[in-house]
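I opened this entry to record how the parts of one chain sit against each other. I looked at the domains, then at one pair of helices.

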Amino acid sequence: MAQNSLIVRILEADYRRVLQHLFPGDNDEHGTILICGVCRSDRGTRLLVRRAVIAAEAVDFVESRRGYREFSARFVAKWATYCARHGLAYLAVHNHGSDERVDFSRNDLESHARAYPSLQGLIKGKPVGALVFGRRSAAGRVLIDGKFQEMAKMTVVGSRVLDLYSHPAKRPKGLDDGMYDRQFRLFGNAGQAILQGLKVGFIGLGGGGSLLNEWISRLGVGQTVPVDPDIIKKHNRPRIVGSLISDVRTKRPKVEVAKRVAKQANPGINCEPIFDDVVFEDVAARLRDCDAIFLAGDTYASRQVFNRVVHQYLIPGFHVGARVAVDEETGAVTSVRSEYRVVMPNAKGGCLDCCGLVPQEKLRLETLSDDQKRAQDYLGVEALDELAEPSVITLNVLSGAQAVNDFLMMFTGLFDGSVKLYSQRHELTTRRLYTVGHISRSKCPVCSGTEVSALAMGDEVRLPCKIRPIQERPLRARAR
Ligand SMILES: [Zn+2]
Ligand SMILES: [Zn+2]
């Protein structure tokens with residue numbers, strides 16, 4: 001996808017609802033308004049559908065004096081005011097009767113030029129525009145900073161991530177490279193082109209993350225962003241793919257080893273390592289325009305940031321981890337687990353907050369300074385249970401391989417339509433595999449889509465990040 005492209009992202013359930021309204025079988029024209037969060041990065045602009053408002057026939061979507069149908073002035077004013085109040089973008093959607101290709105009519109274009117500049121003023125400069133749907137196509141024109149921009153594609157985010165274009169020829173061309181011959185045979189060179197067009201983020205490049213990084217790179221994903229603040233230590237060596245004895249000696253960052261592994265797997269990959277912690281805002285911001293994010297980090301703060309990025313920017317997330325529980329008294333191993341969760345930004349999608357995996361007390365303990373932590377320990381309060389946990393590389397393989405296979409099925413469209421992306425837990429000492437259902441709270445501030453939630457809010461609300469200590473800020477030239 002070209003830089004500075006315009007992409008609209010919509011959840012599968014919303015897309016289906018809109019499609020049902022637009023194409024009820026009457027071959028007529030219908031309308032919907034999409035209220036969207038905005039994400040702007042150096043990859044371009046993403047509009048994230050937060051709410052799809054169906055326009056009632058003959059009330060909100062009425063006969064037009066100039067064209068055929070239009071939204072009623074009352075309906076437009078109501079939702080434009082709503083956008084202005086919440087800092088959201090406004091997209092008017094209607095349909096044409098076509099199938100695989102769709103374009104705006106001259107009437108459509110004239111009405112955009114007439115209406116949108118003043119509407120943009122009303123919604124405080126946020127993007128405003130129109131989409132037109134065919135049965136299996138979508139075109140869009142959006143006024144961004146006073147200039148109309150064409151939508152490159154619309155991405156439907158669900159168990160099968162589907163890209164919709166205005167025209168079959170606009171789909172990315174397949175690659176003709178012998179290297180991926182065996183993969184072509186599985187998902188076609190169109191599937192390979194999809195992988196090539198993706199940007200994937202990794203939080204945590206320890207044991208689990210290093211495996212994910214290698215596999216994703218070998219699959220031919222075009223762009224990756226590994227994030228980790230740690231260097232390779234001697235005790236990491238048995239678990240980190242591609243780590244060398246010399247990396248320990250030279251105190252090489254884990255993300256640099258990840259980049260070396262990625263380049264060996266695919267010399268054409270664009271790997272941008274970040275040797276820093278995702279809990280800082282400028283680091284987390286680099287993940288906002290990813291197409292998928294893998295979390296293999298071990299702090300509660302990184303879980304919290306990951307969960308918010310997934311929901312706020314409508315990005316499928318994959319959380320992998322391994323856990324060995326040890327009896328505190330005897331030191332005996334009580335359970336050996338490999339855990340895996342898909343975190344989708346939809347209802348019951350596996351929100352980590354709803355599933356109780358970002359407990360406030362643990363977050364608080366984690367943010368205490370080391371001295372305070374020692375004091376807490378002295379007082380007998382349960383401190384962090386991470387750091388020196390037992391682990392071996394093969395535990396990470398189980399959850400990691402399932403995560404990358406799910407990623408692959410999702411993006412190449414190979415998932416069965418009825419698949420349920422529940423969490424999984426392998427208990428290795430009993431050789432049992434458990435499926436874990438998802439909980440979702442109706443008023444969750446992350447995933448619920450209620451007024452206060454961050455769902456699809458994009459850049460409009462801040463991520464739950466830490467303030468970087470002053471001495472760690474990059475030095476700037478001081479004023480003389
Ligand atoms: Zn039209
Ligand atoms: Zn939630």
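I looked up the domain assignment of the chain, which gives domain 1 as 5-170 and domain 2 as 178-467. I noted that the model is predicted.

Next I checked the distance between the two. The centres of domain 1 and domain 2, taken over C-alpha atoms, are 33 Å apart. I then looked at the contact: domain 1 gives 20 residues to it and domain 2 gives 19 residues.

Which elements give two or more residues to the side of domain 1 that touches domain 2? I found β1 (5-11), β2 (31-41) and β3 (44-54). The largest share of that side comes from β2, with five residues. I sorted the residues of this side of domain 1 by class and got 10 nonpolar, four polar and six charged.

Then I turned to the helices. I picked α5 (residues 207-219) and α7 (residues 254-265). Their axes come within 8 Å and cross at roughly 25°. Angles under 35 degrees count as roughly parallel, so α5 is roughly parallel to α7. I also looked up the hand: α5 passes α7 in a right-handed crossing.

Which residues meet in this pair? From α5 I listed S210, N213, E214, S217 and R218. From α7 I listed A258, V261, A262 and A265. By class, the contact of α5 with α7 has four nonpolar, three polar and two charged residues.

Terms used: Residues are numbered from 1 along each chain as its sequence is written. Chains are lettered from A and ligands numbered from 1 in the order in which they are written. This is a predicted model: local features need pLDDT of at least 70, side-chain atom pairs count only at pLDDT 80 or more; totals for chains, interfaces and linings use all residues. Axes are lines fitted to C-alpha atoms, for helices over the stretch in contact, and angles run from 0 to 180 degrees between N-to-C directions. Helices (H or I, at least four residues) and strands (E, at least two) are DSSP runs, numbered from the N terminus. Angles under 35 degrees count as roughly parallel, over 145 as roughly antiparallel, 65 to 115 as roughly perpendicular and the rest as oblique. A crossing is left-handed if the near helix is turned anticlockwise from the far one by less than a right angle, and right-handed if clockwise. Two residues are in contact if their C-beta atoms, placed from the backbone, lie within 7 Å. Ala, Val, Leu, Ile, Met, Phe, Trp, Tyr, Cys and Pro count as nonpolar, Asp, Glu, Lys and Arg as charged, and the others, Gly among them, as polar. Domain bounds come from an automatic or database domain assignment.
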